[in-house]
Amino acid sequence: MEEELRRAAFGDAPDREVWGALSASSSRVRWLAAVVLGGQGHYAAAATVLDALRHDPDPVIASLALSTRASHHRQLGGHHLARELDGLALARVRTADGGDPDGIDALGARTDALLGLAADALGAGRLGEARRLLARIETGGSWRGSVRRGWVSAEVELASGQAHAAVAPAEEAYGVATSRKALRHELKSALVLGTSLVVWGTPDGLSRGVELVECELNHSVTKGLHPLIWPSALVLVGHAPTVGAVAIDRATDALSCVLRRADPVSRQVALDSPWVPSGLLRSGEPPNADPQANFLTD
């Protein structure tokens, strides 16, 4: 069962049905199932599993559960809630042993916690702190750590107004995820790279960026990866006029679905957050939030 769950969480089957794994005896399997559910936008169901696993006797699983829960908070604009969990996640791992192919080890847990804290700092506008945290990260050759570091590094550059500097780390993340055939990570990397190119705005970059995001959006819709659908659709608004109206509809439907599947606290945080375009649900029009830089935090 674990290999099937790894394929769903970190491979080519992110749309796999994993509900039966929530009652597995293995805490690792239950964590993997929660990762898959989060990727599909089933935040409340994932939260039930993760909130229990944060007390797991295995410090690696406990740390990873905390970091995963934090990432779901960030995806809904709750960076302040995520920061506390990421801090607890970092405190749970006392060593930096590696070796697991997907980073389900102490080094991977430490990397996830530090990347989470960097993304939390970014969400609060503390760019210097985010850069310092990124400088502390050693992925140890972990493909997943390298991909996620590329995401956050690109996001920091975008937030700093340096879109040209965001392209290289985004490109690297995309290349690693693609080579690993990690579909959900590949699609998220395409979103980050496409957004970086669109914001940079060179003619060739804009063309490639729109193509990347449009292709990624279509795949995300096919696989039911709702947390990727709404930010991808909003990046296209204003940059791909031929798909603008359809993109707004897709963003509205996906965000509505995500919020329906969230727990009450997370739902309210999302509705109150300037990072989440909840205005879509009321008017069908893009809100004041910036779709080019503010929807990418993992």
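Reader: Let's start with Leu5. Which residues does Leu5 touch, leaving out those up to four places away in sequence?
Author: Leu5 touches Val18, Ala21, Val29, Leu32, Ala33 and Val36, with residues up to four places away not counted. Contact here means heavy atoms within 4.5 Å. Keep in mind that this is a predicted model, where local features need pLDDT of at least 70 and side-chain atom pairs count only at pLDDT 80 or more, while totals for chains, interfaces and linings use all residues. Residues are numbered from 1 along each chain as its sequence is written, and side-chain values use heavy atoms, with hydrogens and water left out.

Reader: Thanks! Which residues touch the most other members of the largest nonpolar core?
Author: Those are Leu5, Phe10, Val18, Trp31, Leu32 and Ile104, in a core of 44 residues. A nonpolar core is a set of buried Ala, Val, Leu, Ile, Met, Phe, Trp, Tyr and Cys residues joined through side-chain atoms within 4.5 Å. Buried means under 20% relative accessible area, exposed means over 50%, and partly exposed is in between (1.4 Å probe, protein chains only).

Reader: And which elements give two or more residues to this core?
Author: They are helices H1 (2-10), H2 (27-40), H3 (43-53), H4 (59-75), H6 (106-123), H8 (143-159), H9 (163-179) and H10 (183-200). H2 gives the most, with eight residues. Helices (H or I, at least four residues) are DSSP runs, numbered from the N terminus. Apart from this core lies another one of 30 residues, including Leu187, Ile229, Ala240 and Ala254.

Reader: Switching to charges: how many salt bridges does the structure hold?
Author: It holds 17 salt bridges. A salt bridge is a side-chain nitrogen of Lys or Arg within 4 Å of a carboxyl oxygen of Asp or Glu. One of them joins the side chains of Asp102 and Arg6, at 2.8 Å from N to O.

Reader: Where do Asp102 and Arg6 lie?
Author: Asp102 lies in the loop between helix H5 (79-92) and H6, and Arg6 lies in helix H1, so the pair ties together parts that are 96 residues apart in sequence. Asp102 is buried, with a relative accessible area of 7%, and Arg6 is buried too, at 9%.

Reader: Which residues are linked with them in a network of salt bridges?
Author: The network links Glu2, Arg6, Arg28, Asp100 and Asp102.

Reader: What about Arg208 and Glu171, how do their side chains meet?
Author: They meet in a salt bridge, at 2.9 Å from N to O. Arg208 lies in helix H11 (residues 203-223) and Glu171 in helix H9, so this pair ties together parts that are 37 residues apart in sequence. Arg208 is partly exposed, with a relative accessible area of 33%, and Glu171 is partly exposed at 29%.

Reader: New topic! Are H6 and H7 roughly parallel or antiparallel to each other?
Author: Their axes come within 7 Å and cross at roughly 165°; axes are lines fitted to C-alpha atoms, for helices over the stretch in contact, and angles run from 0 to 180 degrees between N-to-C directions. H6 and H7 are therefore roughly antiparallel to each other. Angles under 35 degrees count as roughly parallel, over 145 as roughly antiparallel, 65 to 115 as roughly perpendicular and the rest as oblique.

Reader: Which residues of H6 and H7 make the contact?
Author: From H6 come Leu114, Leu115, Leu117, Ala118, Ala121 and Leu122, and from H7 come Leu127, Glu129, Ala130, Leu133 and Leu134.

Reader: Now Ser196: is it buried or exposed?
Author: Ser196 counts as buried, at 0% relative accessibility. It is found in helix H10. Ser196 touches Ala154, Leu158, Ala163, Ala166, Val167 and Ala170, leaving out residues up to four places away in sequence.

Reader: And what phi does Lys181 have?
Author: Lys181 has a positive phi of about 55°, although it is not a glycine. Most residues other than glycine have a negative phi. Lys181 sits in the loop between H9 and H10 and is exposed, with a relative accessible area of 59%.

Reader: Last one: where is Val276?
Author: Val276 is in the loop between helix H14 (264-272) and helix H15 (280-283), and it is buried, with a relative accessible area of 3%. The C-alpha atoms of Val276 and Leu76 are separated by 6.4 Å, with the two residues 200 residues apart along the chain. Val276 touches Gln75, Leu76, Gly77, Trp230, Leu255 and Ala270, not counting residues up to four places away in sequence.
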